[in-house]
Amino acid sequence: MKYHITTFGCQMNVHESEKLAGIMEKLGIVSCTKLEDADIIVFNTCAIREGAQNRAVGNIGSLKSLKKHYPQKIIAVCGCMTQQEQIAKKLYKMFPFVDIIFGTKNFDKFESYLIETIKNKNINSKKRIISISQEDNVVENLPIFRSSGKNFWVNIIYGCNNFCSYCIVPYVRGRERSRNKEDIINEIKQILNSTNEKVRITLLGQNVNSYGKDKYEDYGFAELLNEICEIDGNFELTFMTSHPKDITDKVIDAISHQNKIIKELHLPVQSGSDKILKAMNRKYTIKSYMEIINKLKKLIPNIRLTTDIIVGFPGETDEDFKKTCELIQNVNYSGIFAFMFSPREGTVAEKMENQVPYEIKNQRVNHLLNLEKEIQNNNSKK
Ligand code: SAH
Ligand code: SF4
Ligand code: F3S
């Protein structure tokens, strides 16, 4: 049998797809590049913005006629979108040809869902599976079929406790759960033992700076970075994502002193206006953000800084947006990811008044893209 996985969303999902692939490879199912050739078709979905959800729905919907011609094919939908129970149920009704629906919290059960579905198909049973768990867990020792070349993703913490008012992630990924440091170190040692080539290790978490807080008294992200750097081996180290409110001097110090850590940092600021940051529940001010940036630039002059920006958050005026543009120019980022605010069901910002019209969001996002081009041109001239 052959499988094909379509992944939407962030690196967390990309890596989780490597685990789904690992489960299938272990069963002797092999990957194929063309979706139409696959016996098992998986969609690992994202819920971060409406656009991401719509893309997934469009992709799933387009399989209706393929499934009609080849009813033996198995279609599975999982990820952040289906972790929202009401949406999972909607998809279950909307797409009767989807065989398996599950969420982020039980993706380790994929093997049993798959085996059950294959058995059902063999006896011509049309039984379908929909299973959304609400229990936060940390599952170790899942097989991983890595497909990101020389880059190796390593989870260090799952979930998020921050509840930024616009964000769906805490609702679909649960509370923060750090992995045992020993499990992380062992996984990295195994990766290094598996190859002679130089590799990149990317530590993953919604907020890596929270690492350890739920588990250890005096061992956090900085200690983990330093311990990993002491491992013998030909590798470079990086991580994502860092919440500005939690980045400590010890972490900045590790980035500056540890040769193995790549001199780059993704530090999402979201907005240049303190009023908007407060409404976003980000818990820092532009003053404190700039203090971090200045410290980083002083200690690591060649550092490559990137950021995320949301435009058109409820209540964002021209004046607020101007502050965002000024901030971007001041920091002189090497890369900006700009998004139009997308109201997410169940979040605080969804119900805020003063929603910004689409046209204005669109203008602002285009303005930022031009601003970014300008900055890149200036920097390359320099
Ligand atoms: N955990 C990371 C990434 C979260 S999602 C962090 O805290 O930085 C990646 C980016 O998507 C966010 O940084 C934010 O800029 C954007 N984003 C999240 N929710 C959004 C929404 N409702 N509308 C538009 N952009 C959003
Ligand atoms: Fe979302 Fe904020 Fe958590 Fe990032 S820190 S995942 S933006 S709630
Ligand atoms: Fe999307 Fe889930 Fe990542 S909502 S951005 S895939 S954590």
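How exposed is Phe163, in terms of relative accessibility?

Guide: Phe163 counts as partly exposed because its relative accessibility is 31%, where buried means under 20% relative accessible area, exposed over 50% and partly exposed in between, with a 1.4 Å probe and protein chains only. This is a predicted model, in which local features need pLDDT of at least 70, side-chain atom pairs count only at pLDDT 80 or more, and totals for chains, interfaces and linings use all residues. Residues are numbered from 1 along each chain as its sequence is written, and side-chain values use heavy atoms, with hydrogens and water left out.

Rings of Phe, Tyr and Trp (its six-membered ring) pair if their centres lie within 6.5 Å, and planes under 30 degrees apart count as stacked, over 60 as edge-to-face and the rest as tilted; by this rule there are nine aromatic pairs. One of them joins Phe163 to Tyr171 edge-to-face, at 5.4 Å centre to centre and with 85° between the planes, and Tyr171 is partly exposed, at 36% relative accessible area. Phe221 and Phe239 also form an edge-to-face pair, because their planes stand at 85° with the ring centres 5.0 Å apart. That pair links distant parts of the chain, with Phe221 in helix H9 (residues 221-229) and Phe239 in strand E11 (residues 235-240), 18 residues apart; helices (H or I, at least four residues) and strands (E, at least two) are DSSP runs numbered from the N terminus. Both Phe221 and Phe239 are buried. Elsewhere, Phe102, Phe110 and Tyr113 are linked into a cluster by ring pairs.

Terms used:
Chains are lettered from A and ligands numbered from 1 in the order in which they are written.
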